[in-house]
Amino acid sequence: MSFFKQLRREFAGYNGKKLSQDLMAGLTVAAVALPLALAFGVSAGATAACGLVTAIVAGLVISALTGGYYQISGPTGAMAAILGSLIGAYGMQGMFVATFLAGIMLIIAAVLHLGNLTAFVPAPVITGFTSGIAVIIALGQIDNFFGTHSEGGSALAKLASYSRLGFHPNMTTTIVALLVVLLMVFFPKKWNAVVPASLVGIIIATAATMIFKLDIATVGDIPKSLMLPDRLSPSQIDWATVPGLLAPAFSIAVLNMLESLLCGASAGRATGVKLNNDQELFAQGVGNMVLPMFGGIPATAALARTSVAVRSGAQTRLTGIFHAVGLLIMMLVLAPIISNVPMAALAGVLMVTAWRMNEWSAIRYVFQHKFKGAMAKFIVTMACTIVFDLTVAIVVGVGLGLILMVARLSKLQINYERVDMSRLRTDDDTLSERYSNAMVAYITGPLLFANIGTLEELPEHIGRCDTLLLSMRGVPSVDVSAAQTLLPMLRELKERGIDVVVCGVPSATMTMLRRAGIVELLGEQSFYWSVERALLDHRPRPLAAFDSAEA
């Protein structure tokens, strides 16, 4: 569906009632997005103001171009988790350049219709890197949660630095963070539908900090402008580092694709309106090219905010725009108050968010039912996400998934059974005599290089039968290696005087047997639709080699 056709359908019959629904839904999402935007800005290694600007600009730009009216974009925990090491290595300007390059990659992906590639990422891999990102977020907030100090470019390096620098928690900071965590955990669900627990926690923590003048770290200055002082500036770019930024940019683009399209798929099922994948990638690309010019971090569609928009009755993409306008008004009006938000409060929000990011139901399902392949993909992907980065994690996870899939699909099963003509209920004594020493080999699975060993055992299992019926209905394909093994094997069986009959061959497999010369070797008359048809045919019995020897 074209973008303009999508817009016409979306706004068909639009009226004042739908406008009010969009407005209320947008303001509700803004209330949820405010604490998350501040927290994810800090979590990324940037500033709370950076996260807030990202939510506003992404809400305005990406919502206007989105491939699904319900999509709400902004900074996310997953994206923030991969930015800490990037900013540590290349600074804010390097992060801005990587974000801009990621935007270009997303537009290219949209043009090339690559949106459907996310379907090839196994669910345990997605669950694994989500859990890995959750661990990175939690580790990255230890300083803000406990009021301690660490050093290092990655979450693991910071954690390791405590052994050298010491771990000395600040009690006031820790108490504030714990109170926010407890409030979010025990906040009644029915109240949370009206006002988000994270916002309540931050409001209480900020009020306590201002009233009691607590000596703890706060967010700091919140500028009353969308154009942050530190933003993409061509004059400050170290062009020598640009080639090195291609890999981080690719990671940002891949994560954006996964988060945005999976979020859209989930919301699409809830609303009954399918996401336009290519349009969504285009919107995300444009948005991430624009964000660095305002000083924002990378944005992607956010499942939490999108779910709130759907539950709040969003009607059109104006919900996302109204949410951005609401955040802008909050920034302009409440900037002095927001600047006093304790970092510990944001750390508390992020700790709970990190815990809730894990797909616990999927994890329990995999481990309770002991799906070994899924468990391996989950654990390996999570470990690679924590130790290396998202790109490595996805490549390794998908690669492992492919290896396990090939190993599973390449399993070949051959069941052998003596022919019992009484089961066919035939009174033809000639047929009963003809197939009195016949055997059927039921082959299930593709004939590939990986299972040639199983195929080579076939002559041993059939013994001294005089007729072999190969049932190949369960053989979807035959590769060259298997064909090269099968051809001399069948030739040897014929030389032993064994009549080889092939039954139920799928069309694709039959094509390969013709090309391999097997049909020519056995003759067209040796191929039947089914084993039953073959057994009811008065085929001449060949003179077996061992019969000749006995004579």
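1. Methionine 510 touches Val505, Val519 and Phe527, if residues up to four places away in sequence are not counted. The model is a predicted one, and every point below should be read with that in mind. Methionine 510 is part of helix α24, which covers residues 507–516. Its relative accessibility is 14%, so methionine 510 counts as buried; the cut-off for buried is under 20%. Proline 476 is 34 residues away from methionine 510 in sequence, and the C-alpha atoms of the two are 9.7 Å apart in space.

2. Valine 366 sits in helix α17. With a relative accessible area of 15%, valine 366 is buried. Leaving out residues up to four places away in sequence, valine 366 touches Phe371, Ala374 and Met375. A further pair to look at is valine 366 and phenylalanine 378: they are 12 residues apart in sequence, and 9.2 Å separates them from C-alpha to C-alpha.

3. Phenylalanine 378 also takes part in a ring pair. How many aromatic pairs does the structure hold? The structure holds 10 aromatic pairs. In one of them, the rings of phenylalanine 367 and phenylalanine 378 have centres 5.9 Å apart and planes at 85°, so this pair is edge-to-face. The reasoning rests on a cut-off: planes over 60 degrees apart count as edge-to-face. Phenylalanine 367 belongs to helix α17 (residues 360–368) and phenylalanine 378 to helix α18 (residues 372–387), so the pair ties together parts that are 11 residues apart in sequence.

4. Is phenylalanine 378 buried or exposed? Phenylalanine 378 has 9% relative accessibility and therefore counts as buried. Phenylalanine 367, at 33% relative accessibility, counts as partly exposed. Elsewhere, ring pairs link Phe145, Phe146, Tyr162 and Phe167 into a cluster.

5. Helix α3 (residues 48–65) packs with helix α13 (residues 277–294) at an angle of about 145°, and their axes are 9 Å apart. The crossing in which α3 passes α13 is right-handed. On the α3 side, the residues that meet α13 are Val53, Thr54, Val57, Ala58, Val61, Ile62 and Leu65. Their partners in α13 are Gln279, Phe282, Ala283, Gln284, Val286, Gly287, Val290, Leu291 and Phe294. Sorted by class, this contact of α3 with α13 has 12 nonpolar, 4 polar and no charged residues.

6. Threonine 54 has a relative accessible area of 0%, so it is buried. Apart from neighbours within four places in sequence, threonine 54 is in contact with Gly59, Gly74, Pro75, Leu291, Gly296, Ile297, Pro298 and Ala299.

7. α11 passes α16 in a right-handed crossing. Ser198, Ile202 and Ala205 make the contact from α11, and Ala345, Leu346 and Val349 make it from α16. By class, this contact has 5 nonpolar, 1 polar and no charged residues.

8. Lysine 213 has a phi near 50°, which is a positive value in a residue other than glycine. Where is lysine 213? Lysine 213 lies in the loop between α11 and α12 (246–271). At 69% relative accessibility, lysine 213 counts as exposed; the cut-off for exposed is over 50%.

9. Histidine 113 also has a positive phi, near 60°, and is a residue other than glycine. The loop that holds histidine 113 runs between α5 (83–111) and α6 (123–140). Its relative accessibility is 54%, so histidine 113 counts as exposed.

Key. Residues numbered from 1 in each chain as written. Predicted model: local features only at pLDDT ≥ 70, side-chain atom pairs only at ≥ 80, totals over all residues. Heavy atoms only, no water. Left-handed = near helix turned anticlockwise from the far one by under 90°. Helix = DSSP H or I, 4+ residues; strand = E, 2+ residues; numbered from the N terminus. Contact = heavy atoms within 4.5 Å. Nonpolar A, V, L, I, M, F, W, Y, C, P; charged D, E, K, R; others polar. Phe/Tyr/Trp six-rings, centres within 6.5 Å; stacked < 30°, edge-to-face > 60°. Buried < 20%, exposed > 50% of the residue type's maximum accessible area, 1.4 Å probe, protein only. Axes fitted to C-alpha atoms, helices over the stretch in contact; angles between N-to-C directions.
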